[in-house]
Amino acid sequence: GAAELGPYRHYMQKEIFEQPRAIADTLEGVEAIVPELFEAANQHAPGDGAYPTFQSIRQVLILACGTSYYAGCVAKYWIEAIAKLPCQVEIASEYRYRESVPDPATLVVTITQSGETADTLSALRHAQSLGMRHTLTVCNVATSAMVRECKLAYITRAGIEIGVASTKAFTTQLAGLFLLTLALAKSRGLLTEEQEHEHLKAMRHLPSALQAVLALEPQIITWAEQFAAKENALFLGRGLHYPVAQEGALKLKEITYIHAEAYAAGELKHGPLALVTSSMPVVTVAPNDALLEKLKSNMQEVRARGGVLYALADDDTHIQSDDGLHVIRMPGHYGPLSPILHVVPLQLLAYHTAVARGTDVDKPRNLAKSVTVE
Ligand code: G6P
């Protein structure tokens with residue numbers, strides 16, 4: 001009811017603004033990177049314990065649906081770069097029905113807000129039936145079927161999420177997955193004490209960094225007013241921020257019904273560039289990372305064809321607003337944790353565009369919060 005909503009118009013907006021708290025709660029009590037952080041729930045399905053498991057595996061297989069799948073796609077970059085483990089991410093409904101090559105030395109990681117998504121549960125059971133017994137879930141509901149069925153778990157503390165379009169569940173999943181990456185790296189002797197300390201410091205700073213991003217809302221509203229009249233939008237990102245672009249496009253289509261697609265920016269010239277006109281807004285996630293110069297030339301390709309760019313640029317990227325280029329400056333650069341910050345303006349963009357279009361933000365047509373049947 002209205003009382004619970006406080007100053008917010010919709011649950012989705014409230015949940016977007018709860019993210020600093022949700023991340024703080026999810027990381028509460030994490031003083032050091034220890035594998036035991038993942039043993040919260042294994043009394044249901046006793047296994048070997050997290051440390052022996054993390055030491056014995058040779059690869060990671062992530063299974064999820066929807067927004068949780070995009071969290072997995074971000075985690076793949078972290079796991080390969082920091083824990084040096086090969087990592088595959090699969091859409092649960094694809095994995096469960098295809099013939100794959102099982103390796104018992106795999107850590108199977110499911111990601112699910114509800115812990116009850118039918119496809120993700122079936123994908124887990126399929127992996128188990130193929131002899132993969134090292135299972136871990138990053139899940140927001142401690143009492144869910146998924147937590148009961150996995151040997152290891154990290155319970156995110158987003159709190160109950162009501163908006164069908166997932167927001168705080170996604171960013172808390174990312175926090176849990178980053179911890180998992182660090183725990184895997186440490187178990188494999190790949191994390192120095194100094195690196196551990198630096199990563200923990202950066203994670204502890206996330207709630208205040210998120211507050212600074214949420215303060216950009218008025219600028220996002222200006223963008224949303226322009227998006228409200230559009231029927232198509234493109235989202236571009238590279239590396240870690242490609243799945244962020246995908247999540248931004250998903251949010252926009254879920255609640256505004258604008259057709260939105262995300263591309264890895266380097267793929268622009270292999271097709272979507274043909275769609276670019278002045279009526280196609282192109283959102284670019286532009287953190288100041290090693291791929292910035294490449295991304296800038298992708299942006300040039302869009303502008304040269306009359307496309308209108310909306311860039312979320314880190315403070316130190318020197319990308320300036322110009323004709324056909326709208327820039328919102330993100331506070332600072334956040335290294336590997338940057339996806340947790342860059343997704344927030346995209347959530348707000350989808351939200352305010354939906355409000356401007358008058359759609360039913362918290363209950364978009366044809367969609368359910370949790371899909372417990374196939
Ligand atoms: C539904 C929801 C999405 C969610 C997906 C996976 O499609 O509308 O917001 O990302 O299910 O749900 P899960 O609970 O497994 O994360």
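Let's start our walk through this predicted model at Asn-366, which lies in the segment after α15 (338-357). Asn-366 has a phi near 70°, a positive value in a residue other than glycine. Is Asn-366 buried or exposed? Asn-366 has 6 other C-beta atoms within 10 Å, so Asn-366 is exposed.

Now step back along the chain to the helix itself. α15 has 20 residues and reaches 30 Å from its first C-alpha to its last. That is close to the 28 Å expected at 1.5 Å a residue. How many residues of α15 are buried? The count is 17 of its 20 residues, and α15 is mostly covered. After α15 comes Gly-358, whose phi is positive, near 75°.

A positive phi also turns up at Tyr-257, with a value of about 65° although Tyr-257 is not a glycine. You can find Tyr-257 in the loop between α13 (242-256) and β7 (259-264). Its surroundings hold 16 C-beta neighbours inside 10 Å, so Tyr-257 counts as partly exposed.

Next, let's visit a strand. Strand β4 (residues 134-139) is mostly covered, with six of its six residues buried.

Which strands pair with β4? One is strand β3 (residues 106-112), which runs parallel to β4 and is joined to β4 by six bridges. Within this pairing, Thr-112 has Cys-139 as its bridge partner in β4. Another is strand β5 (residues 152-155), which pairs with β4 in the parallel sense over four bridges.

Thr-112 leads us on to the ligand, as Thr-112 is one of the closest residues around it. In total, 15 residues surround the ligand, and the closest are Gly-66, Thr-67, Thr-112, Ser-114 and Thr-117. Which helix gives the most to this shell? Helix α5 (residues 66-82) does, with three residues. Sorted by class, the shell has four nonpolar, ten polar and one charged residues.

For another kind of place, look at Glu-36, in the loop between α3 (19-27) and α4 (50-56). Glu-36 has 12 C-beta neighbours inside 10 Å, so Glu-36 counts as exposed. Leu-216 is 180 residues from Glu-36 along the chain, and the C-alpha atoms of the two are separated by 37 Å.

Finally, let's take in the whole chain. Its secondary structure comes to 15 helices and ten strands. The radius of gyration is 20 Å, close to the 21 Å that the globule rule gives for 374 residues, so the chain is as compact as a globular protein of that length. Along its principal axes, the C-alpha trace spans about 60 × 45 × 40 Å. Of the 374 residues, 51% count as buried.

Notes. Residues are numbered from 1 along each chain as its sequence is written. This is a predicted model: local features need pLDDT of at least 70, side-chain atom pairs count only at pLDDT 80 or more; totals for chains, interfaces and linings use all residues. Helices (H or I, at least four residues) and strands (E, at least two) are DSSP runs, numbered from the N terminus. A residue is near a molecule or strand if its C-beta atom, placed from the backbone, lies within 6 Å of it. Ala, Val, Leu, Ile, Met, Phe, Trp, Tyr, Cys and Pro count as nonpolar, Asp, Glu, Lys and Arg as charged, and the others, Gly among them, as polar. The expected span of a helix is 1.5 Å times one less than its number of residues. Two strands pair if DSSP finds at least two bridges between them. The radius of gyration is taken over C-alpha atoms; the globule rule is 2.2 Å times the number of residues to the power 0.38.
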